[in-house]
Amino acid sequence: MKPTKPPVLKYFLVSLFLSLPLLLFFFFFFFSLKTTTNPPPANDRSSTATITGLKIRPGYKTYDSYIQRQLNKTLNPKLRKTWLTRDWDRKVRVFAHFFQDLKQENLVFNNSKALSIGARVGQEVEAFKRIGVTDSVGIDLVPYPPSVIKGDFHHQPFDDETFDFEFSNVFDHALFPEKFVSEIERTLKPGGVCVLHVAVNRRSDKYSANDLFSVQPLIQLFKNSELVHVRKVDGFGLDTEVVFKKKKA
């Protein structure tokens with residue numbers, strides 16, 4: 001007589017067989033979700049990873065995680081209070097000094113349309129106005145009306161060839177430096193000037209997304225511009241001023 005399977009085992013095997021398609025569905029669903037929402041680290045997809053002298057910091061698995069880290073600094077209530085009180089006059093005065101020097105070199109004019117990238121609470125915009133450049137605005141992840149509007153410097157919210165002059169001291173915060181620079185060149189008018197204050201061969205603050213070891217990577221990134229000058233400055237932890245002029249052709 002042929003032995004029969006125990007009823008419990010029989011029911012288990014039947015239920016396993018019937019549930020197998022459902023298990024396979026959930027397996028492929030969650031695998032697809034994981035590969036969609038957790039792409040490779042951003043620096044693995046950036047062409048700047050191959051540029052000698054520019055290093056993207058690891059740790060950002062998604063662009064949202066990068067943005068959130070930047071917001072942690074920008075929205076810090078203690079920092080914002082400091083920027084608006086104790087640091088306000090000092091920073092406006094120093095920025096105005098920088099911009100006045102550039103004005104004397106005929107790199108920015110009273111009638112220039114100027115942009116400050118990463119302006120936070122607008123000290124640079126106020127500095128522009130103090131030297132007579134009244135048509136100026138700033139962008140930052142967090143707006144501060146009327147001087148600063150909301151904008152991501154990887155995707156500037158402006159039309160092509162909008163500005164005569166662009167200034168930034170947050171290049172080190174760019175997760176995609178090539179995109180950061182291409183947006184500057186896109187929104188600059190032909191003959192327009194870009195001024196960057198950067199830290200060279202020294203580690204910037206903990207919110208930085210890249211480290212720069214020479215000015216050569218910047219020269220490589222500004223593909224449609226010519227280098228005007230490089231000089232040392234004392235710019236709130238940043239030590240080098242690099243100036244480019246967009247080609248007219």
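Tutor: Let us start with the second largest cavity, which has a volume of about 50 Å³. This is a predicted model, in which local features need pLDDT of at least 70 and side-chain atom pairs count only at pLDDT 80 or more, while totals for chains, interfaces and linings use all residues. Residues are numbered from 1 along each chain as its sequence is written, and side-chain values use heavy atoms, with hydrogens and water left out.

Student: What makes a space a cavity, and what makes it a pocket?

Tutor: On a 1 Å grid over the protein atoms alone, a cavity is a set of points where a 1.4 Å probe fits but cannot get out, whereas a pocket is an open set with protein on both sides within 12 Å along at least five of seven lines. A residue belongs to the lining if it has an atom within 4 Å of a point. The volume is the space filled by probe spheres set on the points, which are joined across faces, edges and corners.

Student: Which residues line the second largest cavity?

Tutor: The lining consists of F171, D172, H197, V198, A199, S204, N210, L212 and L238, and it divides into 5 nonpolar, 3 polar and 1 charged. Here Ala, Val, Leu, Ile, Met, Phe, Trp, Tyr, Cys and Pro count as nonpolar, Asp, Glu, Lys and Arg as charged, and the others, Gly among them, as polar.

Student: What is the volume of the largest cavity, and which residues are closest to its centre?

Tutor: The largest cavity has about 200 Å³, and of the 16 residues that line it, Q70, T74, D140, L141 and F153 are the closest to its centre. By class, this lining has 7 nonpolar, 5 polar and 4 charged residues.

Student: How much space lies in the largest pocket?

Tutor: About 400 Å³ lies there, and of its 24 lining residues the closest to the centre are K73, K91, R120, N169 and F236. Its lining has 7 nonpolar, 7 polar and 10 charged residues.

Student: Why is V230 called partly exposed?

Tutor: Buried means under 20% relative accessible area and exposed means over 50%, with partly exposed in between (1.4 Å probe, protein chains only). V230 has 39% relative accessibility, and therefore V230 counts as partly exposed.
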